[in-house]
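Morning, everyone. I'll take you through one chain today. Have a look at it first.

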Amino acid sequence: MKLTYRDKVLLIVILLCIIWAIGIMLVIRPKVQAVGTAETELSTVQAEYEKVQQDLAAAETVKVQCNELLKEAQEYAANFYDVPKSFEAEDILITLLQNSSNPIDVSDMTINGPVAAALSPYVADVTEVDIPIIDAADIGRTPEQATTGNTSSTTTNAESVGCYNYTITFKASPDNLLSFIDKIPTSNNKTSLVVTSLSIDDYGASEYEGTMGFSLYFVKELEGENVDEVLESNEEADMDAVDAAEEE
């Protein structure tokens with residue numbers, strides 16, 4: 001069968017259409033699908049990236065806040081003694097008592113500890129005193145307030161700290177005893193050595209004799225300029241403790 005020129009052209013066009021359709025099915029369509037899948041994955045990755053960025057920003061904010069709290073904690077901790085061994089705690093008070101400026105004579109001293117002690121901030125209760133003439137006027141207050149008065153207080157949680165307790169037997173004049181007690185809260189640039197008890201045999205005597213109790217509160221020093229350095233320091237201390245325990 002002999003094909004005319006018109007038939008040949010038509011056949012070529014048909015073949016081109018078939019090849020084009022096959023190309024779309026085998027090449028172009030998979031590529032389009034792959035592009036669509038890639039776009040979906042890109043959107044997912046971008047969303048995850050944005051979330052990670054938000055988490056990093058939040059973590060950085062938390063880190064800054066932690067570092068600020070660390071500085072505040074270090075400032076408070078500076079008022080306390082660092083963790084002393086028993087002989088070091090004894091030396092602290094002995095050095096204070098043997099100082100030439102110490103105005104009292106000490107004949108005996110005992111020490112016990114360390115123990116855990118609950119330390120609470122001092123908060124004063126504020127009470128409004130009712131005055132009869134004001135109560136009668138009853139200005140700006142309910143009858144219950146006018147007759148019962150108002151008391152307000154703040155409750156704070158206690159924190160556990162380390163503590164050594166001392167007891168000394170002393171002899172001193174009243175003025176020298178008061179002078180010594182006044183110096184205790186600022187000794188060694190610390191405020192955590194405090195007088196907790198005082199017993200005087202005869203308050204009418206010209207020279208007092210009796211016993212005095214002290215408490216030395218201490219906390220572990222937080223070493224480091226930031227939270228990361230503190231954590232690293234604690235890890236090293238833990239490893240040293242483990243190594244020491246293994247050597248024993």
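I'll go through the overall layout, then the aromatic pairs, the salt bridges and a charged patch.

Some ground rules. This is a predicted model, where local features need pLDDT of at least 70, side-chain atom pairs count only at pLDDT 80 or more, and totals for chains, interfaces and linings use all residues. Residues are numbered from 1 along each chain as its sequence is written, and side-chain values use heavy atoms, with hydrogens and water left out.

Layout. The chain has six helices and six strands. Those are DSSP runs, numbered from the N terminus: H or I of at least four residues for helices, E of at least two for strands. Starting at the N terminus, the order reads α-α-β-β-α-α-β-β-α-β-β-α. Of the 248 residues, 17% are buried. Buried means under 20% relative accessible area, exposed means over 50%, and partly exposed is in between, with a 1.4 Å probe and protein chains only.

Now the aromatics. How many aromatic pairs does the structure hold? Three. To pair, rings of Phe, Tyr and Trp (its six-membered ring) need centres within 6.5 Å; planes under 30 degrees apart are stacked, over 60 edge-to-face, and the rest tilted. One of the pairs is Tyr-164 with Phe-218: tilted, 5.5 Å centre to centre, 35° between the planes. Tyr-164 sits in strand E4 (residues 159–172) and Phe-218 in strand E6 (residues 208–218), so this pair ties together parts 54 residues apart in sequence. Tyr-164 is buried at 2% relative accessible area. Phe-218 is buried too, at 9%.

Another is Phe-180 with Phe-214. Their ring centres are 6.3 Å apart and the planes are at 90°, so the pair is edge-to-face. Phe-180 comes from helix H5 (residues 174–183) and Phe-214 from strand E6, so parts 34 residues apart in sequence are tied together. Phe-180 is buried, at 3%. Phe-214 is buried as well, at 1%.

On to charges. Side chains of opposite charge can pair when their charged atoms come close. The cut-off for a salt bridge is a side-chain nitrogen of Lys or Arg within 4 Å of a carboxyl oxygen of Asp or Glu. By that rule there are two.

Asp-55 and Lys-51 make a salt bridge at 3.2 Å, N to O. Both are in helix H1, four residues apart, about one turn of the helix. Asp-55 is partly exposed, at 41%.

Lys-171 bridges to Glu-209, with the closest N and O atoms 4.0 Å apart. This pair links distant parts of the chain: Lys-171 is in strand E4, Glu-209 in strand E6, 38 residues apart. Lys-171 is partly exposed at 35%, and Glu-209 is partly exposed at 39%.

Last, the surface. Which residues form the negative surface patch? Asp-82, Glu-88, Glu-90, Asp-91, Glu-221 and Glu-223. Patch members have over 30% relative accessible area and no salt bridge; like charges are joined within 9 Å, and nonpolar side chains (Val, Leu, Ile, Met, Phe, Trp, Tyr) within 5 Å. Asp-82 is in the loop between helix H1 (5–77) and helix H2 (86–98). Asp-82 is partly exposed, at 40%.

Val-195 is partly exposed, at 29%.

Definitions and conventions: Accessible areas come from the Shrake-Rupley method with a 1.4 Å probe; for residues, only the protein chains shown count as cover. Lys and Arg count as positive and Asp and Glu as negative; His and the chain ends are not counted. The place of a charge is taken as NZ of Lys, CZ of Arg, CG of Asp or CD of Glu.
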